[in-house]
Amino acid sequence: MPISVTLIVQMVTFAVLIVFVKRYLWGPLTAIMERRQKRIADGLAAADQGRKALDEAQRQQEEVLVLARERAAEILDQAERRSREIIDEARERARAEADHAMALVRAEAESEMNRAREQLRGDVARLALAGAERIVEREIDARLHERLLDEVAAQL
């Protein structure tokens with residue numbers, strides 16, 4: 001076989017091979033490559049969206065933490081103010097109770113003093129009456145009366 005026939009047969013074989021590859025291999029291979037490219041692009045887009053979502057979530061987390069810290073500080077301030085109010089109220093109640101107790105003690109002491117005065121007046125009156133009876137029983141003598149009054153005064 002001459003070279004030109006071999007060359008023509010090889011060219012025909014090569015053309016058949018190109019048609020065969022284009023028809024049966026190239027189409028499915030490009031479709032697979034396009035699907036894979038699309039999947040990779042979708043994966044990259046999803047990764048980018050995920051990164052953006054993560055950044056947004058971190059930003060929101062920081063905002064929530066800041067708000068939570070502010071709220072905690074407010075709650076602590078309110079608790080401190082309330083505790084001071086409770087302490088002040090308790091002090092005022094204690095002062096009022098102490099003043100009331102002091103007033104009761106003073107009133108009781110005053111009533112005891114009044115009772116003691118009344119009892120002392122009664123005792124003085126009895127002693128004066130006893131002294132007067134002694135004076136009246138005996139004779140009327142100025143020196144004797146003065147001495148009896150001195151005795152009564154000493155007993156007071």
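**Close-ups of a predicted helical protein**

Phe 20 counts as partly exposed, because its relative accessibility is 43% (buried means under 20% relative accessible area, exposed over 50%, partly exposed in between, with a 1.4 Å probe and protein chains only). The model is predicted, so local features need pLDDT of at least 70 and side-chain atom pairs count only at pLDDT 80 or more, while totals for chains, interfaces and linings use all residues. Residues are numbered from 1 along each chain as its sequence is written, and side-chain values use heavy atoms, with hydrogens and water left out.

**View 1. The whole protein, for orientation.** You'll find 2 helices and 0 strands here (DSSP runs numbered from the N terminus: helices are H or I with at least four residues, strands are E with at least two). The accessible surface is about 14000 Å², with 61% of it belonging to carbon and sulfur atoms (Shrake-Rupley method, 1.4 Å probe; for residues, only the protein chains shown count as cover).

**View 2. Phe 20 and Tyr 24 as an aromatic pair.** The count comes to 1 aromatic pair (rings of Phe, Tyr and Trp, the last by its six-membered ring, with centres within 6.5 Å; planes under 30 degrees apart are stacked, over 60 edge-to-face, the rest tilted). Phe 20 and Tyr 24 sit 5.3 Å apart centre to centre, with 45° between the planes, which makes the pair tilted. About one helical turn separates them, because they are 4 residues apart in helix 1 (residues 3-137). Tyr 24 is exposed, at 52% relative accessibility.

**View 3. A nonpolar patch on the surface.** Phe 14, Leu 17, Ile 18, Phe 20, Tyr 24 and Leu 25 make up this patch, with about 630 Å² of accessible area together (patch residues have over 30% relative accessible area and no salt bridge; like charges are joined within 9 Å, nonpolar side chains of Val, Leu, Ile, Met, Phe, Trp and Tyr within 5 Å). Leu 25 belongs to helix 1 and is partly exposed at 46%.

**View 4. Salt bridges, including Lys 38 with Asp 42.** The count is 12 salt bridges (a side-chain nitrogen of Lys or Arg within 4 Å of a carboxyl oxygen of Asp or Glu). Lys 38 meets Asp 42 at 3.4 Å, N to O; Lys 38 is exposed at 53%, whereas Asp 42 is partly exposed at 42%.

**View 5. Glu 56 and Arg 59 in a salt bridge.** Their closest N and O atoms are 2.2 Å apart. The two residues lie 3 apart in helix 1, so about one helical turn separates them.
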